[in-house]
Amino acid sequence: MTEAAIDKIFPLPAEEGVGDARIAELYSASAEPTWLRVNFVSSIDGAATRQGLSGGLSGDADHRVFDILRSLCDVVLVGAGTVRAEGYGAMRVDEVSQRARREAGMTVHPVFAIVSASLDLDPASPIFHEAPERPIVVTTERSRQDTREALAEVADVLICGEERVEPRQLVEGLVARGLSRIHCEGGPHLFGDLIAAGAVDELCLTIGATLEGGVASRISAGAAPILPVGMRLAHVLQSDGTLLLRYVKRG
């Protein structure tokens with residue numbers, strides 16, 4: 001390991017407040033006006049889930065950075081399958097993050113954008129009715145018109161593609177709404193589509209200190225890009241064996 005690489009490894013600040021501000025500073029270092037960050041957790045041996053859920057792999061350090069990353073974005077982007085599997089509710093951040101967002105001139109809470117080609121979503125869900133910011137549903141021209149109309153009562157419906165959600169159209173549609181700092185929390189198929197489209201600017205990956213074995217999936221699935229996407233290591237945070245890696249696209 002080179003000296004430059006060693007300089008990028010930091011202990012996760014133990015104290016909250018000042019420590020959280022330092023973490024936020026590390027993850028805020030981006031000069032680009034528009035970026036798409038993806039956040040995942042996996043085990044040492046590459047499992048993306050435990051008993052079918054990613055939440056089982058997450059510990060205190062991951063939860064802490066997970067919350068901070070949400071506080072830094074305009075919109076949280078998630079595939080509908082992950083929303084259902086992981087039990088998402090309305091998109092909210094804690095009071096500390098709310099204050100920081102107000103001071104930065106951002107909305108108090110990030111917007112929640114849900115990607116669903118089939119529109120298997122319940123308009124009566126608390127995700128919509130308890131949302132502090134009006135959510136966005138991203139879908140296709142082939143989705144059912146009656147379901148789109150029902151969801152349009154509780155969310156903005158964004159059509160991005162004919163049969164599949166096209167990542168580039170998705171990003172352009174969010175940016176057109178002033179949501180240029182995009183934070184994606186999965187799932188694997190959405191991540192795979194974003195990789196294939198060359199839309200991923202950054203990956204934040206937590207490596208939990210466990211060996212899971214079994215047949216758990218990878219963090220990405222689906223089509224591969226024409227060429228591998230080169231990334232560079234921006235920094236590593238470490239806490240009790242857990243590594244929190246931040247990779248950014250090579251310029």
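Modeller: The account below goes from the whole chain to strand β8, and then to the core that β8 contributes to.

This is a predicted model, in which local features need pLDDT of at least 70, side-chain atom pairs count only at pLDDT 80 or more, and totals for chains, interfaces and linings use all residues. Residues are numbered from 1 along each chain as its sequence is written, and side-chain values use heavy atoms, with hydrogens and water left out.

The chain has nine helices and ten strands; helices (H or I, at least four residues) and strands (E, at least two) are DSSP runs, numbered from the N terminus. Its radius of gyration is 18 Å, close to the 18 Å that the globule rule gives for 251 residues, so the chain is as compact as a globular protein of that length. That radius is taken over C-alpha atoms, and the rule is 2.2 Å times the number of residues to the power 0.38. Of the 251 residues, 45% count as buried, where buried means under 20% relative accessible area, exposed over 50% and partly exposed in between (1.4 Å probe, protein chains only).

In β8, seven of seven residues are buried. In a regular strand the side chains alternate between the two faces of the sheet. Both faces of β8 are covered: E202, C204, T206 and G208 lie on one side, with L203, L205 and I207 on the other.

β8 has β2 as a parallel partner, joined to it by seven bridges; two strands pair if DSSP finds at least two bridges between them. Here G208 in β8 stands opposite S43. Strand β10 (residues 242-249) pairs with β8 in the antiparallel sense over six bridges, and I207 stands opposite L243 in β10.

Of its 31 residues, V38, L77, I136, V138, L170 and L174 touch the most other members. Leaving aside neighbours within four places in sequence, L174 is in contact (heavy atoms within 4.5 Å) with V75, A113, I136, L158, L179 and I182. A second, separate core of 17 residues includes C73, M91, F128 and V137.

Notes. A nonpolar core is a set of buried Ala, Val, Leu, Ile, Met, Phe, Trp, Tyr and Cys residues joined through side-chain atoms within 4.5 Å.
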